Amino acid sequence: MQIYFIRHGQSCNNRLWTENGSERGRSEDPLLTDLGMKQAQKVAAFLAGEHPEAPIYLPRDMQNARGFGITHIYSSLMWRALTTASYSAERLDLPIFGLEGIHEGGGIYLENEQTGELAGQPGKTPQELLADFPRLQFTAEVNSAGWWSRPFEPAENRIPRARGVIEWLIEHHNGSDARIAIFSHGAFFNYFFNALIGLTHRPPFWMEMNNCGMTRFDINPDGTANLIYHNRVDYLPSDWIS
């Protein structure tokens, strides 16, 4: 199977950090900016492109010169990821499978600006999510009071969570020709990558991803993986890269 890990388009929190260098005033579950929506539309068009006549110079069409052939779309249940995924789901006429485990580190939370405490928030209810994302299908039962509805996620839980996601994907898809688009988050990409290479603790480095950056992994039948490319944004106009 092939996994295309795609970070969401620019969110209002991303813009806040870019403009102020601070998270003060952040939303627990931000919307996309106008730029973020343009990025999401562009990635949808890129994923939908097919070029069967394109020459392939390396095995497995390692730059997707002939297109992607996406068969499954998974998204975190955070609004910015679902909104980004929805453009591709419409363009490819596919459902969005909501996979709770690919949420951003920490979950849905707000910081108390006086005490610094990070307090978990409920998140959207299943009804709210389905009302705005009719292609969404849940892969597991969702809390009716809000899909998060728990405390802030501690850092030590994040790589094990990512390992669980990888095991779930292997169980459901490995050995198949599935080509999976995962719409998720920049920090979670690091936990996912660390889990994929067998780490149990975060190492002292960080892999950056642009908004709507795309990374491709090929997962072999024996569970080993190949990193084909990372943080691909060549399909975006240069002034849309954030």
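1. Helix α5 (residues 158–173) has 16 residues, which at 1.5 Å a residue should span 22 Å; its end C-alpha atoms are 22 Å apart, so the two values agree. The expected span is 1.5 Å times one less than the number of residues. Helices (H or I, at least four residues) and strands (E, at least two) are DSSP runs, numbered from the N terminus.

2. A word on the basis. This is a predicted model: local features need pLDDT of at least 70, side-chain atom pairs count only at pLDDT 80 or more, and totals for chains, interfaces and linings use all residues. Residues are numbered from 1 along each chain as its sequence is written, and side-chain values use heavy atoms, with hydrogens and water left out.

3. Which residues of α5 are buried? They are R158, I159, R161, A162, V165, I166, L169 and H173. Seen down the axis of α5, these buried residues fall within an arc of 155°, so they line one face of the helix. The arc is taken over the directions from the helix axis to the C-beta atoms. Buried means under 20% relative accessible area, exposed over 50%, and partly exposed in between (1.4 Å probe, protein chains only).

4. What do the buried residues of α5 pack against? Their partners are β1, β2, β7 and α6 (186–196). Contact here means heavy atoms within 4.5 Å. Just after α5, G175 takes a positive phi of about 85°.

5. Strand β1 (residues 2–7), one of those partners, is mostly covered: 6 of its 6 residues are buried. In a regular strand the side chains alternate between the two faces of the sheet. In β1, Q2, Y4 and I6 point one way. I3, F5 and R7 point the other way.

6. How does β1 pair with β7, parallel or antiparallel? The sense is parallel, over 6 bridges, with β7 covering residues 179–184. Q2 has R179 as its bridge partner in β7. With strand β8 (residues 214–219), β1 pairs in the antiparallel sense over 5 bridges. There, I6 stands opposite M214. Two strands count as paired if DSSP finds at least two bridges between them.

7. R60 is in the loop between α2 (34–48) and β2 (72–75). Its phi is near 65°, a positive value in a residue other than glycine. D61 lies in the loop between α2 and β2, and has a positive phi of about 45° although it is not a glycine. R60 counts as partly exposed because its relative accessibility is 42%. D61 is buried, with a relative accessible area of 12%.
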